[in-house]
Amino acid sequence: MARPHSRLLGEILRSKSGLSAEHLEQGLSLQREKGGRIGEVLVKLGYIGEDAVLEALGEQLGIPYRRHLAVEDVDKALVAKVPIAFAKRYELLPLREVSGVVEVATPHPSATAPLDDLRLLLSKPVTPVVASARAVLSGINQAYERPADSAEQVIEDLGAETLDRLATALEEEPRDLLEATDEAPIIKLVNSLLFEAVKKRASDIHVEPFERDLMIRYRIDGVLYNVLTPPKRLQASIISRIKIMAGLNIAEKRLPQDGRIGIKIAGRDVDIRVSAIPTAHGERLVLRLLDKGNLLLKLSQIGLQPDRLGTLDHLIRLSHGIVLVTGPTGSGKTKTLYAALNTINAPEKNIITIEDPIEYQLRGVGQMQINPKINLTFAAGLRSILRQDPDVIMVGEIRDGETAEIAIHASLTGHLVFSTLHTNDAAGAVTRLLDMGIEPFLVASSVVAIVAQRLVRVLCPACRQAYRPAPTELAKLGIAPDRAAAATCYKAGGCHECLTTGYRGRTGIYEILVMEDEVRALILAKADANAIKARAVERGMTTLREDGARKVLDGVTTTEEVLRVTAEDVV
């Protein structure tokens, strides 16, 4: 397998990767003091990268090094013989057979025992190929995505006789579902639905019963797509399986229920919120998927233009005041607030949040979840938070005048408060607060800025298509004819990378209303939202549609996307 060591690893790193003699000596000194492998010690010290160490290790042992592992290079027949638990535990991925010997990717080529076990599993000689642990784990997750495990295939495998037994058994005694061996295909079907949802970057799974069918849809980048129509007779089994996973009462079909599922899919921790409501044709389920591996973004990653990024960064570092983020449900308000908290989070600041529910765990931040059953509302929780000596407070949503009033008084007594409101634009947030019964002078003196936002789908960079738009098309976005004449835009294509949708991911478009003296004067005069917005635009505020137009000209998104999410803002 491996050749005898001909050179020391440190020597190879010095000659191949430019490691200095001083850094090598410091690494060796620490190794003598605390033990461990020299390569790992140097990586921890930050003197060299993991890939450089693995490449040097491959040269030392006389075996190849692979920086990238493509799933096309993996022989599925070999993978099928190796349990995924074994592959992940020992970080081994069989690649292909060459001249009767199986190449195996591993970050631990010197560990002979697992390789010997793999040789017995495959009944063939094996030879290691060096690859990083990250590349091997990613390769394992991709290689074990078997087409036979798809939801469609599971349904095809279920014969009519099996379906009848499933439906009959469930009607007689729902509790037998956990023990019935016939339910194994249903468990497999639900697992496949969850796995494919994560693979396709879905944010929600909808299980919708109708009179004659059951429809399952995924929401991907904010748009719903039909993905599966299982036989109606599977409805009770699928819904009961999901309710069991979420810890819900499967015998209760008349009342709404909420639950949670925590699972690991392809090495990623996914938290799933489950909502069940009764409808005329059975229970309707919506599963909200929160991928814990893609949680916190920085302000620079949410789509803010450089000028507005600087404005918002200044606002979130103020010592007191209220910063409101507005927009409809699903417009990314919570993620923007999390990005703001993540930006200013520091040991010297006491940050406390009250949310419904807590979507992401923030290290170093105290997070409280409301519970109306015990009268822990936003208002009650906010009162308690004020006794915790906070510097920054985040209120998940201002839903009533009581919460708004407490938040305003908190901001006037030296606290920085972040919160959200459901309004169409930034100026509309002012009138919403006034409608809640808040005095105009309190709004004018406490609110320092209002951010309105929407999410637009981002064009897939692999298949977007350039074209010269008609001036009338860009005129809908308010783009002047002289700019439109020279503009090159892009439209959606469709490829396997974006699941043929033409879009991959979403980004935000924003308008930031900063409370200047002229705007405050309008609020004190109880001016309407249109007057406030007009004055803010005169003072240089970029509207949602103008920000979207800039992203169209930059090739980030399409005219259709911007018009779709800003249509309600046009009078």
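**A helix pair and its core**

Analyst: The chain in this predicted model has 24 helices and 18 strands, and of its 571 residues, 47% count as buried. Among the contacts in the chain with a separation of 6 or more, 64% are accounted for by residues 24 or more positions apart.

Two packed helices are described by the angle between their axes and the distance between the axes. Helix H21, which covers residues 517-524, packs against helix H22, residues 529-538, at an angle of about 170°, and their axes are 10 Å apart. Because angles over 145 degrees count as roughly antiparallel, H21 and H22 are described as roughly antiparallel to each other. On the H21 side the contact is made by Glu518, Val519, Leu522 and Ile523, while H22 contributes Ala531, Ile532 and Arg535. Sorted by class, the contact of H21 with H22 has five nonpolar residues and two charged ones, with no polar residues.

Two of these names, Ile523 and Ile532, return in the largest nonpolar core, which has 45 residues and in which Ile450, Leu513, Ile523 and Ile532 are those with the most contacts inside it. If neighbours within four places in sequence are left aside, Ile532 is in contact with Val519, Leu522 and Ile523, and also with Ala427, Val430, Leu513 and Ala527. In soluble globular proteins, nonpolar side chains tend to be buried together.

Note on methods. Residues numbered from 1 in each chain as written. Predicted model: local features only at pLDDT ≥ 70, side-chain atom pairs only at ≥ 80, totals over all residues. Heavy atoms only, no water. Helix = DSSP H or I, 4+ residues; strand = E, 2+ residues; numbered from the N terminus. Buried < 20%, exposed > 50% of the residue type's maximum accessible area, 1.4 Å probe, protein only. Contact = heavy atoms within 4.5 Å. Axes fitted to C-alpha atoms, helices over the stretch in contact; angles between N-to-C directions. Parallel < 35°, antiparallel > 145°, perpendicular 65-115°, else oblique. Nonpolar A, V, L, I, M, F, W, Y, C, P; charged D, E, K, R; others polar. Core = buried A, V, L, I, M, F, W, Y, C linked by side-chain atoms within 4.5 Å.
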